[in-house]
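This report describes strand pairing, helix packing and the chain contact in one structure. The sequence and model are shown first.

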Amino acid sequence: MEELLRMEHITKKFGDVYANRNINLDVRKGEVHTLLGENGAGKSTLMNVLFGLYQPTEGTIYLHGKPVRIESPAQAVKLGIGMVHQHFMLVEAMTVFENIILGDRNTKGIFINHDARKKEILELSERYGLDVELDKPITDIAVGAQQRVEILKALYRGADLLVLDEPSAALTDQEVEGLFDIMHKLTSEGKSIIFISHKMREVLHISDRITILRAGETVCTLNRDETTGEELANLMIGRELTPSHYEKIENPGEAVVALENVDYDKTSKHNGLNGVSLTVGRGEIVGIAGVDGNGQSQLAQVVTGVLTPDAGRVDLKGSHVAQFTPNGFILESVSHIPEDRNKMGLIGNMSVRDNIVLKSTDTPEFSAAHGLFLKKKAIRDYALKMQEKYDIRCSSIDQEARNLSGGNQQKIILARELEGKPDLLVAVHPTRGLDIGATRFVHDTMIEARDRGCGVLLISADFDEILEVSDRIVVMFEGQVMGVFSGKNPPIADISLAMAGK
Amino acid sequence: MKHTNRIVNLLVPIVSVLLSFVIGCIIMAALGANPATALQSLWIGAFGTMRNVGTTLSRATPLIFTALCACFAYRCGVFNLGGEGQFLMGAIVSCVISTQLGITGLPAIILCLIAGALAGGVWALIAGVLRVFRGQNEMIISIMLNYVATLFMGVIYTSWLRDGSVPQTVAVPDETQLSRLGDLRATTAFILALVVGLLVYYFLFHTSKGFQLRAVGLNMTAAQFNGFAVKKFILMSFIVSGAIAGLGGSADLLGTQFRLINGYGSGYGFDGVAMALIAQLHPIAAIVVAIFFAALRVGSTTMQAATGVPTSVSDIIQALVIVFTVAGLAMVKLPQFRAVIDRMATKSVQKKEAV
């Protein structure tokens, strides 16, 4: 088959960090080429380079054998590259037709010849089986149809190469089947597709060839017929088990929290829980592994009282939880390191000091007469003590929390959540965006809490982190528990397969 | 860092006031008056004699209440634009109690003030309940409720409690009126406003619940995750801010207004919002700003009589102060501006270290 695109030795550096390092990718005419990799493996960066959003630090892109420089998305479109983003870029108040002709540079003159355009679009949609209703506003059509509009838009602008970024993420199973039919039609008409997905099932079903990225580098390119799910999963996770720094516990104490068949919005595959049963014992760290957006956020919010489950039973320290409020869980000494520290964890416009005592100003330690009088000096002294103990680096404890670096912000939250000696700690992506030193500090702190008898529920998209600290590993996929594995000598291949939904 | 922030936040309104006066002076000069004399007569009109000071403080009193009302709600992150309606409901209830129940004197005053605060609180709570339990926009609801309150007052002074042929209610009996502060025109209502301002300040900055309320106002999601009952705080802030405005209406009626008439209270709510914003939601600053605006209003009459500069020039200055402050506060939040400030701050620190 004829080669359409070749990306050679693509390197993209952000500061000192390599997002892509010496990546090679070639896409042939009429093939579905899958990019497979974990979060942060460099897939999005590579596609942004291809689409002209980033300029590569090194490397060359060839289209039809000729080297090209792609300096903007407009130029990428001109060269016949179409991108369907995971989050659709449609103007919701406009009709399908208006969205498709929007930004079309071929229009000459002021007026749009609607009838001619419509005819062209209808021809395209019939040819590729992209069934859409042109006169409906975007808000009135289903997600699957919106995706077809995005594809049609790209084709209408003359795309020969389509990049589909996790196209199945928002779709129902039937819609996914429909999408695959369309993809087959497109390739049989000579179009090429770069398909980005985490889901092994789909990848094996639709791809012709598969390129695996790991930590910003190409691992290899394989033919679909010559590989298996196990092999792909291993290549994607791609690591020999590095021994953990920490000793793993095998016999935890009695359950701090126990979930039994908990449902939350269970028809939603990516933001719901479907029959989840799980326990966290005293003195153990349970790591939830899984690709982001498989119900982990909802799990964290159920066990901290932010969300009320639709069905099932939650027991906290042996007693049944009847009412789900964050305060109720806090009173049962459940601590929470939320996934978004700026949005959920900190009051950015308040000082470091205020954020440290945020939860405890009602206690007699910090206020007299049932909160009627804040003991400012006690608060200040305590905050200074915590600043030292948790090594929070700021110009003063009066500095606004939003002006601190991510690592120091996280330390504020750690100081607040761990100093009360919780019975259960729910930590969601606790080291996201932190450097190695800060990450190590967070891990040490969690292990310390565990050894004190605290149960820890760790949710992370960073598989290394899960392997490093978890005593038990639970894999979640589409809101369901796919398997429970020991954290001591974890079976990596099985875990990665479970993460991919097999 | 904190200090530079404070200085900047204090400088913005001061610079805005100066700029507004400069432009005001240009307008005065264009009108053929001597700006210096005009400003002097403006000052004399507002603070020149004890009598004028009294007038200024009495004009400031209702504005202080509505400004505090806005401060309190905004600190909790909800936009109560219904200060005027809540103010009027307080005045209406006090008018009915003081003229219809047959009680007079101190018991009547206390009853009026309590009932006025309650009425304002309940009136604001309507917007609060619709916001919290039905997700409605509290700004629109509270503005609409202003019209309802104004028209309700209309029914009272034109028909139910009409005083003879004039479209106004009967006056509050002499014994139920608030006493004046010595010879001043200002009454104990002004003292009450100061006390409420101090209480609001104390609550917001020195109590645990006030601290939590501010946290809710700055980041509702984080407040919820940290276990605060966000809905309760929102409802409470509506009730309290409405009660402050209602108390203001009640005190103003018993202190200076005495009867409900056409146009009473008009503009107080939005004036209060503007003043709260200039004061950057600080209750003590709000009191100062309210007195400043009242002075501009009171002084402008003297200015017109003495120099022929129309009072509308004072209105222009007031409007410019609001525009400049709001624009200035938006400006100092820009990252470019922050960068300049930070650079200056580091430089001054380095200089100090070098010395």
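## Terms and numbering

Two strands pair if DSSP finds at least two bridges between them. Helices (H or I, at least four residues) and strands (E, at least two) are DSSP runs, and their numbers start from the N terminus.

The model is predicted: local features need pLDDT of at least 70 and side-chain atom pairs count only at pLDDT 80 or more, while totals for chains, interfaces and linings use all residues. Residues are numbered from 1 along each chain as its sequence is written, and chains are lettered from A and ligands numbered from 1 in the order in which they are written.

## The hairpin of chain A

Strand E1 (residues 3–14) and strand E2 (residues 17–28) of chain A are paired antiparallel, with eight bridges. Two residues lie between E1(A) and E2(A), which form a hairpin. Gly15(A), in the turn, has a positive phi of about 65 degrees. Phe14(A) is placed opposite Val17(A) of E2(A).

## The six-stranded sheet

Chain A has an open sheet of six strands with mixed pairing, in the order E6-E7-E8-E3-E9-E10. The edges are strand E6 (81–84) and strand E10 (217–223) of chain A; each has a single partner strand, so one side of each is left without a neighbour in the sheet. From one strand to the next the twist averages 20 degrees, where angles run from 0 to 180 degrees between N-to-C directions and axes are lines fitted to C-alpha atoms, for helices over the stretch in contact.

Within this sheet, strand E7 (residues 161–165) and strand E8 (residues 192–196) of chain A are parallel and share five bridges. Leu162(A) is opposite Ile193(A) in E8(A). Helix H1 (residues 43–50) of chain A packs on the sheet and touches strand E3 (32–36), E6, E7, E8 and strand E9 (209–214) of chain A; contact between two residues means that their C-beta atoms, placed from the backbone, lie within 7 Å. The direction of H1(A) makes about 150 degrees with that of E7(A). Helix H8 (residues 229–237) of chain A lies across E3, E9 and E10 of chain A, at about 30 degrees to E9(A).

## The four-stranded sheet

A further open sheet in chain A has four strands in the order E12-E11-E14-E15, with antiparallel pairing. Strand E12 (273–281) and strand E15 (319–320) of chain A are at the edges, each with a single partner strand, so one side of each has no neighbour in the sheet. Strand E14 (residues 311–316) of chain A is joined to E15(A) by two bridges, and Leu316(A) stands opposite Ser319(A) in E15(A).

## Helix packing in chain A

H8(A) also meets helix H17 (residues 492–499) of chain A: the axes come within 9 Å and cross at roughly 100 degrees. H8(A) and H17(A) are therefore roughly perpendicular to each other (angles under 35 degrees count as roughly parallel, over 145 as roughly antiparallel, 65 to 115 as roughly perpendicular and the rest as oblique). The residues of H8(A) in this contact include Ala233(A) and Ile237(A), and those of H17(A) include Ile492(A) and Leu497(A). By class, the contact has six nonpolar, three polar and one charged residue; Ala, Val, Leu, Ile, Met, Phe, Trp, Tyr, Cys and Pro count as nonpolar, Asp, Glu, Lys and Arg as charged, and the others, Gly among them, as polar.

Helix H14 (residues 406–418) and helix H15 (residues 436–451) of chain A have axes 10 Å apart and pack at an angle of about 10 degrees. H14(A) and H15(A) are therefore roughly parallel. Gly407(A), Gln410(A), Leu414(A) and Leu418(A) of H14(A) meet Ala438(A), Val442(A), Thr445(A) and Ala449(A) of H15(A). Five of the contact residues are nonpolar, three polar and none charged.

The mean pLDDT of chain B is 91, and 96% of the residues score at least 70; pLDDT is the predictor's confidence in each residue, from 0 to 100. Among the elements of chain B, helix H7 (residues 188–206) has the highest mean pLDDT (96) and helix H14 (residues 335–354) the lowest (70). The axes of H7(B) and helix H10 (residues 230–257) of chain B come within 9 Å and cross at roughly 165 degrees, and the two helices are therefore roughly antiparallel.

For the complex, the predictor gives an ipTM of 0.84 and a pTM of 0.78. Contacts link 18 residues of chain B with 27 residues of chain A. On the chain B side, helix H8 (208–218) and helix H9 (220–225) of chain B are the elements that give two or more residues; H8(B) gives the most, with six residues. That side has seven nonpolar, nine polar and two charged residues.
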